[in-house]
Amino acid sequence: MKLLSNKTALITGASRGIGLAMAKKFAENGANIAFTYMSSDEKAIALESELTLLGVKVKAYKSNAASYAAAVELIDNVVKEFGSIDVLINNAGITRDNLLLRMSEEQWDEVMENNLKSVFNLTKSACKTFLKQKSGSIINLTSIVGMKGQAGQTNYAASKAGIIGFTKSVADELGSRSIRCNAIAPGFISTDMTDALPVETKELYFKQIPMARFGSPEEVANVALFLASDLSTYVSGQVISVCGALNR
Ligand code: NAP
């Protein structure tokens with residue numbers, strides 16, 4: 001019996017990076033996978049085919065996590081197609097970095113809508129399904145930056161800090177129904193998001209990380225696997241850092 005046998009996981013933003021690693025890890029561990037993306041059609045179709053070969057049910061949905069209406073429609077479609085949702089991973093996220101003095105209202109709004117409102121959209125829409133089932137594991141991707149702040153990322157840090165408050169509140173509200181809600185706070189992980197950083201900035205970060213390297217998406221996926229599985233049935237309302245000791 002695999003860790004996620006007979007479970008269905010919905011992962012937002014799994015065409016690349018951490019979401020992609022979680023989709024693979026979960027499928028390898030027996031989960032059926034519904035996943036979303038925004039614009040990477042080819043990558044999403046390729047992932048759907050690759051994971052189907054593992055003998056689980058897989059479906060890609062082009063769905064904007066920042067839209068409430070799209071989230072409601074998505075949850076409806078996933079429940080119709082898969083019958084249930086056992087694990088919701090709110091992973092989709094973006095950066096629009098700028099110093100506060102130069103940050104536009106649009107950069108602020110875009111990050112808040114894609115990173116924070118998206119978590120509300122999906123979690124609220126999936127709530128009824130979890131309540132009916134009297135079970136569910138919600139995993140939200142926050143960031144070390146949401147705890148310690150980062151120059152040039154006031155919008156991103158605020159959105160990720162908001163996710164922590166949301167996560168703890170949902171755990172409080174839904175705990176009595178056996179619905180768990182936790183957050184994962186990655187430090188610097190090698191994905192397209194961090195590849196975009198200038199070399200000098202990366203070198204500066206390496207010096208600040210006690211483990212002196214960026215993490216891999218798989219290292220984050222391993223923690224998500226724990227939180228999604230029945231190994232963590234009494235773990236809720238927590239923020240687990242995956243950051244090479246950056247946040248001590
Ligand atoms: P990434 O490589 O940039 O991938 C982002 C994924 O999210 C892509 O699949 C993208 O789809 C999807 N996406 C973006 N906006 C979306 C939307 N509105 N609706 C649906 N899908 C959307 O990012 P990552 O580095 O893997 O990061 C994943 C999560 O971890 C994010 O929440 C990020 O903030 C968090 N995180 C990352 C790091 C890090 O160092 N990488 C550190 C801390 C936290 P398309 O491919 O179609 O664009």
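**View 1. The lining of the largest pocket, sorted by residue class.** In this predicted model, the lining of the largest pocket consists of 21 nonpolar, 22 polar and 7 charged residues, where Ala, Val, Leu, Ile, Met, Phe, Trp, Tyr, Cys and Pro count as nonpolar, Asp, Glu, Lys and Arg as charged, and the others, Gly among them, as polar. A pocket here is an open set of points on a 1 Å grid over the protein atoms alone, where a 1.4 Å probe fits and protein lies on both sides within 12 Å along at least five of seven lines, and lining residues have an atom within 4 Å of a point. Of the 50 lining residues, G93, I94, T95, T191 and M193 lie nearest the centre of the pocket. Residues are numbered from 1 along each chain as its sequence is written, and side-chain values use heavy atoms, without hydrogens and water. Local features need pLDDT of at least 70 and side-chain atom pairs count only at pLDDT 80 or more, whereas totals for chains, interfaces and linings use all residues.

View 2. Around the ligand are 32 residues, the closest being S15, S39, S40, Y156 and T191, and each has a heavy atom within 4 Å of the ligand.

View 3. A polar contact is a pair of N or O atoms within 3.5 Å. The side chain of N64 has an N or O atom 2.9 Å from a nitrogen atom of the ligand, while a polar side-chain atom of K160 lies 2.9 Å from a ligand oxygen atom. In G187, a backbone N or O atom is 3.4 Å from an oxygen atom of the ligand.

Methods
Polar contact = N/O pair within 3.5 Å; in protein donor to acceptor, adjacent residues only side chain to side chain.
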